[in-house]
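Let's take a walk through this structure by way of its charged side chains. Have a look at the model first, then read on.

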Amino acid sequence: MIYLLYGDDDFTIQEALVSLRSEVGLPDVRDVNTTAFDASVSRAEMMATCDTVPFLADKRLVIIRGLLTRFERRRPSRSRSKSDSAKAGLGDWEGLSEYLERVPETTDLIFVDGALAASNPLFKAVLPYANSRLFSRPNPTDLRQWIRTRVASMGADIEPNAGDELSETI
């Protein structure tokens, strides 16, 4: 399965990642079957890792953080040459879509990124193959409710003023 977790709510993204990770095998072999990369990973290294058979488990987990963000288009500054700002292609990641069609069933591949624009070329390549989930920061009103719900889910209570104070601090 391929997942895309993205947005500006890092806390909730991390919780979703922990949840997905807990679903991959028994705890004693989970670490052996989990590989995390940052945005500098090459396509070949990612593919080789995804194609590796899990060790004493049904699944392998491959997490790639920040890769799609690398392909966000930025406004060219005056100091940059036109050739620098014209590098909008996918480079080494060209053809990723073809690989995503055949990621082994024994691999869960998770892309974790910040906010992404719809024009991002790698986002466009990954989106049709991924179970995607956008995580947006809650607005102040929703944050207050989220704090109350979160505290209640832990079996505790919070004074309304304390919840408001915490919300404003965040």
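A salt bridge here means a side-chain nitrogen of Lys or Arg within 4 Å of a carboxyl oxygen of Asp or Glu. This is a predicted model, where local features need pLDDT of at least 70 and side-chain atom pairs count only at pLDDT 80 or more, while totals for chains, interfaces and linings use all residues. Residues are numbered from 1 along each chain as its sequence is written, and side-chain values use heavy atoms, with hydrogens and water left out.

By that rule, there are three salt bridges. Start with Arg-150 and Glu-15, whose side chains meet at 2.4 Å, N to O. Arg-150 sits in helix α7 (residues 140–153) and Glu-15 in helix α1 (residues 10–22), so this pair ties together parts 135 residues apart in sequence. Helices (H or I, at least four residues) and strands (E, at least two) are DSSP runs, numbered from the N terminus.

Next up is Asp-31, which pairs with Arg-21, their closest N and O atoms being 2.5 Å apart. Asp-31 is in the loop between α2 (27–30) and β2 (34–37), and Arg-21 is in helix α1, ten residues away.

Finally, Lys-59 bridges to Asp-108, with 3.4 Å between the closest N and O atoms. How open are these two to the outside? Buried means under 20% relative accessible area, exposed over 50%, and partly exposed in between (1.4 Å probe, protein chains only). Lys-59, at 25%, counts as partly exposed, whereas Asp-108 is buried at 10%.
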